[in-house]
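Grab a pencil and try these exercises on the structure shown below. Have a go at each task before you read its solution.

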Amino acid sequence: TKAVFHIKKKHGRVKPPVSFSFIPQGHSTFIHWQLKYITVIILYLLFSSGNIIGSGIFISPKGVLEHSGSVGLALVVWLLGGCIAALGSLCYAELGVTIPKSGGDYSYVTEIFGGLTGFLLLWSAVLIMYPTTLAVIALTFSNYVLQPVFSNCVPPYMATRMLSATCLLLLTWVNCSSVRMATRIQDIFTVGKLMALGLIIVVGLVQIFNGHYEALTPQVAFSLDRVPSVGQIALAFLQASFAFSGWNFLNYVTEEVVEPRRNLPRAIYISIPLVTFVYTLTNIAYFSSMSPEELLSSNAVAVTFGEKLLGMFSVIMPISVALSTFGGINGYLFTSSRLCFSGAREGHLPSLLAMIHYKNCTPIPALLVCCAATIVILCIGETHNLINYVSFINYLSYGVTIAGLLYYRWKKPNLYRPIKVNLLVPVCYLMFWALLLGFSLYSEPVVCGVGLVIMLTGVPVYFLGVHWKEKPKCIYNFIGEFLKNGRSKHFICIMPSLTFLMFDF
């Protein structure tokens, strides 16, 4: 049975519907909760321009060039990074229509491998992936805002951290206050990143047509001062992969996609080549006006580019990038709350994270947890190390998920699959994945190893918090009293499982 409730605002206006599906599981009742706020058209826009084309293209070029060792090899890394993202996206399209659950990697791994593996993926996402990515984007925001002020030196450490934390707290408040306001910010600030990239590409092409392409000629582009090791090339791919992160975001809301069999592949075929083309052109534009040494010495590449070519209009560049990163923080905060909700729905996260504000219908506890974790990482990490750190864990989760596709093919060969990719696609991806992670771990054992250790700390947490069912009664009493006080005294949140008590049938 499905009961649909319409939560009314004051003055009779109605919010988007919140639906509950009551699905029996044995002798218990499983409550399935869906928040349908975004139409499929907006999802495609977020997928192609709001999530993939993000702040990474303003951060990663320096790291890619530093590890690859030459302009030509850096451009090859950007092109191959797009190809790898396309292979992964095709595998995720099959999983998305075969296991039509929102939650992305976490939902697929939980379905295929069981609770422990799914929990470890969720644990790493909540503690590492989202907070670290948010920290990197927030630091980029503060660097681009402060770079014009500190034009002759690196912005002070405390200034960048304070501004990053202020931006994060502001957007957390926005996401806690209104879903509509958060999505409006995402739409408006997407213009900033498109304006910045469009300006860089156009100015770069003008430079090339005027004959300024010495650094792009094959003889110069592939000249190497030092021959990079295989491990350094792997780290260059990790840096580039950060800019492509977001190609799997549509899988987090599969249940809300209209006709996913047609629309998921369509989004992939259009967005991944487009993003790869834009990223490659952006890097070509950088190299048309900046020497490799200038790019490596810059703390804000787009600002340096603007100062060299735009003259009095150079202020446009840091403003555009700041708008882009501001929207990127907002998008990641929005998505992380959905993942936390999906985990709480499966019983893998505390029920507190499945609570929403009874008027605004916003997941306040999940947003606050993500914000707090990000502020901690802001205080202990440096941008490019954080990128290697989060990209390693991201690739690890991608590989486990795509390995699950092969295992699911073997486990359930007769299961209907509306989309079925050629086996060469996941096999090629996993071969590249194994080489990349192996050489990355060899080159940066501390940075990558810390991520693995944090992920494995989820094993005892899983057995104590999830697998152990017969806990002492005092624990349940404490949790129940805590949730009761949160509802009755502060009127902040309501549990999905108790929502039906709040409304008339």
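This is a predicted model: local features need pLDDT of at least 70, side-chain atom pairs count only at pLDDT 80 or more; totals for chains, interfaces and linings use all residues.

**Exercise 1. The overall picture**

Task: Say how many helices and strands the chain has, and what share of its residues counts as buried.

Solution: Start with the secondary structure: there are 19 helices and five strands in the chain. Next, look at burial: 56% of the 505 residues count as buried. Finally, check the contacts with a separation of 6 or more: 78% of them are between residues 24 or more positions apart.

**Exercise 2. H4 against H15**

Task: Work out how helix H4 is oriented relative to helix H15, and what kinds of residues make up their contact.

Solution: First, find the two helices: H4 covers residues 105-113 and H15 covers residues 383-411. Their axes are 9 Å apart, and the packing angle is about 40°. Angles from 65 to 115 degrees would be roughly perpendicular and those under 35 roughly parallel. That angle makes H4 oblique to H15. As for handedness, the crossing of H4 and H15 is left-handed.

Now see who meets whom. On the H4 side you'll find, among others, Tyr108, Val109 and Ile112. The H15 side includes Tyr398, Val400, Leu405 and Lys411. Sorted by class, the residues of the contact between H4 and H15 come out as 10 nonpolar, three polar and three charged.

**Exercise 3. H9 against H15**

Solution: Begin with the numbers: H9 (residues 230-244) and H15 have axes that come within 8 Å and cross at roughly 85°. That makes H9 roughly perpendicular to H15. In the contact, H9 brings Leu235, Leu238, Gln239, Ser241 and Phe242. Their partners in H15 include His384, Ile387, Phe392 and Tyr395.

**Exercise 4. Ring pairs**

Task: Classify the ring pair Phe58 and Tyr144, then the pair Tyr407 and Trp410.

Solution: A search of the whole structure turns up 18 aromatic pairs. For Phe58 and Tyr144, the ring centres are 6.4 Å apart and the planes are at 70°, so this pair is edge-to-face. Phe58 sits in helix H2 (residues 56-68) and Tyr144 in helix H5 (residues 115-146), so the pair ties together parts that are 86 residues apart in sequence. Both Phe58 and Tyr144 are buried.

On to the second pair: Tyr407 and Trp410 are 5.7 Å centre to centre with 40° between the planes, and the pair is tilted. Both lie in H15, three residues apart, which is about one turn of the helix. Tyr407 is partly exposed, at a relative accessible area of 32%. Trp410 is exposed, at 65%.

One last thing to spot: ring pairs link Tyr92, Tyr108, Phe237, Tyr395, Tyr398, Tyr429 and Phe432 into a cluster.

Technical notes:
Residues are numbered from 1 along each chain as its sequence is written. Side-chain values use heavy atoms; hydrogens and water are left out. Axes are lines fitted to C-alpha atoms, for helices over the stretch in contact, and angles run from 0 to 180 degrees between N-to-C directions. Helices (H or I, at least four residues) and strands (E, at least two) are DSSP runs, numbered from the N terminus. Angles under 35 degrees count as roughly parallel, over 145 as roughly antiparallel, 65 to 115 as roughly perpendicular and the rest as oblique. A crossing is left-handed if the near helix is turned anticlockwise from the far one by less than a right angle, and right-handed if clockwise. Contact means heavy atoms within 4.5 Å. Ala, Val, Leu, Ile, Met, Phe, Trp, Tyr, Cys and Pro count as nonpolar, Asp, Glu, Lys and Arg as charged, and the others, Gly among them, as polar. Rings of Phe, Tyr and Trp (its six-membered ring) pair if their centres lie within 6.5 Å; planes under 30 degrees apart count as stacked, over 60 as edge-to-face and the rest as tilted. Buried means under 20% relative accessible area, exposed over 50%, partly exposed in between (1.4 Å probe, protein chains only).
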